[in-house]
Amino acid sequence: MSEREPNFAESEKPGQIRAPFSSEQVAALNIYQTDGIFHPFTCGNDVLHDAQAADGQEQEWLLVATPEGWTCSSEACDYTQEWAWDFMADPMMLDRDT
Ligand SMILES: [Zn+2]
């Protein structure tokens, strides 16, 4: 318990990792996204996707993990996100039968 750690407040949010992700992390994150056991990360670009939905393309736009971070699964969207929960990238995820 040190009060001299100026970075501690940032990291005390439980278990976040940040891009760049390793190839193992990317693989695990994408398994997590499609596993269906947990709710996956979805795109936060509501303005664009609400417009697509109004155009009859309503769907849940999942984020896709890349080494540089998350990108939207819609090619029309440039949304990115650079953090994930650390448990999402747990290599144990890769040991499961899918
Ligand atoms: Zn999107």
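This is a predicted model: local features need pLDDT of at least 70, side-chain atom pairs count only at pLDDT 80 or more; totals for chains, interfaces and linings use all residues.
Helices (H or I, at least four residues) and strands (E, at least two) are DSSP runs, numbered from the N terminus.

**View 1. The whole chain, end to end.** Residue numbers start from 1 along each chain, as its sequence is written. Of the 98 residues in the protein chain, 19% count as buried (buried means that 20 or more other C-beta atoms lie within 10 Å of the residue's own, exposed means 12 or fewer, and partly exposed is in between, with C-beta atoms placed from the backbone).

**View 2. A cis bond at Pro20.** Look at the link from Ala19 to Pro20: this peptide bond is cis, with omega near 5°. Pro20 itself sits in the loop between β1 (16-18) and α2 (23-35).

**View 3. Helix α2 and its cover.** With 13 residues, α2 reaches 18 Å from its first C-alpha to its last, close to the 18 Å expected at 1.5 Å a residue (the expected span is 1.5 Å times one less than the number of residues). Its buried residues are Gln25, Val26, Ala28, Leu29, Tyr32 and Gln33. Among the elements covering them are β1, β2 and β5 (83-85). Just after α2 comes Gly36, which takes a positive phi of about 90°.

**View 4. Inside the largest nonpolar core.** A nonpolar core is a set of buried Ala, Val, Leu, Ile, Met, Phe, Trp, Tyr and Cys residues joined through C-beta atoms within 7 Å. The largest one here has 15 residues, and those touching the most other members are Phe21, Ala28, Leu29, Leu63, Ala65, Met88 and Ala89. At least two residues come from each of α2, β2 (63-66) and β3 (69-72), and α2 gives the most, with four. Zoom in on Phe21: leaving aside neighbours within four places in sequence, Phe21 is in contact with Val26, Leu29, Ala65, Pro67 and Ala89 (contact means C-beta atoms, placed from the backbone, within 7 Å).

**View 5. The open sheet.** Three strands line up in the order β2-β3-β4, with antiparallel pairing (strands pair if DSSP finds at least two bridges between them). β2 and β4 (80-81) are the edge strands, each pairing on one side only. Four bridges join β2 and β3 in the antiparallel sense. For one of the bridge partners, find Val64 and look across to Thr71 in β3.

How values were computed. Two residues are in contact if their C-beta atoms, placed from the backbone, lie within 7 Å.
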